[in-house]
Each structure stands twice: as C-alpha cells, then as structure tokens.
Amino acid sequence: MARVADDCLFCGIRDGHPAAPKLHEDDLVYAIDVPEDSPYHRAPVHFMVIPNRHVESALYLTDDDAAVAGRLFSVAAKLAREKGIAESGYRLATNVGPDANQTVFHFHLHCLGGRKLVHEG
C-alpha cells in the first residue's frame with residue numbers, strides 16, 4: 001500500500017477513512033467526485049483523479065512517476081467519456097503550492113466540464 005502522510009485527506013480517502021464513493025480505483029490511482037455541496041465544486045461535472053502514492057504536488061513528480069502521471073490522464077479521459085463531457089470539452093487542472101490555491105497537499109488532477117468554462121489564471 002502507498003505511504004500515508006500524517007493527516008492527509010486524500011491518503012485517508014484512499015484507505016476508506018472518510019468513506020467516499022470511488023468512480024475508479026486501481027493500483028496507481030483512484031477518482032472521486034467533488035461533492036456538489038462542497039465550496040470547491042466548480043462545474044456541473046467536477047471530479048478528481050488522485051495517485052495512491054502520496055506526492056505533495058506536481059512539483060515533486062519524478063521520472064519514476066511517469067506511469068502514474070499517464071494513468072491520471074487516461075482515467076480522466078475515460079471518466080469524461082462516461083460522464084458525457086468528452087465531446088463538448090473539459091478542463092484538466094492541478095494546483096501547485098499556496099499561490100495556486102492548493103489546499104490539499106497530495107497531488108491531484110481536477111476534471112471540470114458540463115458547461116462552457118471561462119478563462120482562469
């Protein structure tokens with residue numbers, strides 16, 4: 001099993017504490033919806049794909065994480081197709097560090113879609 005970082009929300013969800021319905025789960029990554037009542041919910045479709053292994057942010061990915069990084073994108077594409085947003089388009093994003101508003105320091109990829117998205121940044 002992947003290393004657990006003390007008090008890491010995503011390591012906890014990976015391990016079932018707190019319980020969260022998973023859209024996808026395999027040996028490298030898992031995916032969850034961002035709940036509609038969450039202050040972080042930003043689009044009609046908003047889910048995250050998260051590596052099982054604790055990595056603080058994209059800044060800390062190495063060449064050894066290539067398989068994980070690839071799986072993040074392939075799972076996001078699969079779920080975007082399943083959720084009906086692949087044809088119209090969707091955004092994939094990750095926040096790196098406090099100035100980018102990263103709030104959970106466990107790397108994760110957001111997928112947003114289901115409406116016309118505005119420019120951000």
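Student: Which residue in β2 is the bridge partner of Glu25?

Tutor: This is a predicted model. In it, Glu25 has Tyr30 of β2 as its bridge partner. Strand β1, residues 22–25, runs antiparallel to β2, and 3 bridges join the two. A hairpin of 3 residues links β1 to β2.

Student: How many bridges pair β2 with β3?

Tutor: There are 5, again in the antiparallel sense. Across this pairing, Asp33 stands opposite Phe47 of β3.

Student: Is β2 mostly covered or uncovered?

Tutor: In general, side chains of a regular strand alternate between the two faces of the sheet. As for β2, 4 of its 5 residues are buried.

Student: Which residues touch the most other members of the largest nonpolar core?

Tutor: They are Val29, Phe47, Val49, Leu72 and Val75, in a core of 16 residues. At least two residues of this core come from each of β2, β3, α2 and β5. The most come from α2, which gives 6.

Student: What does Val49 touch, apart from residues up to four places away in sequence?

Tutor: Its contacts include Val29, Leu72 and Val75, along with Tyr30 and His108. A separate core of 10 residues also exists, with Cys8, Ile13, Tyr30 and Ile32 among its members.

Student: Why does Ser57 count as buried?

Tutor: A residue is called buried when its relative accessible area is under 20%. Ser57 counts as buried because its relative accessibility is 3%. Ser57 lies in the loop between β3 and α2. Beyond its neighbours within four places in sequence, Ser57 is in contact with Val96, Gln102 and Phe107.

Key
Residues numbered from 1 in each chain as written. Predicted model: local features only at pLDDT ≥ 70, side-chain atom pairs only at ≥ 80, totals over all residues. Heavy atoms only, no water. Core = buried A, V, L, I, M, F, W, Y, C linked by side-chain atoms within 4.5 Å. Buried < 20%, exposed > 50% of the residue type's maximum accessible area, 1.4 Å probe, protein only. Contact = heavy atoms within 4.5 Å. Pairing = 2+ DSSP bridges.
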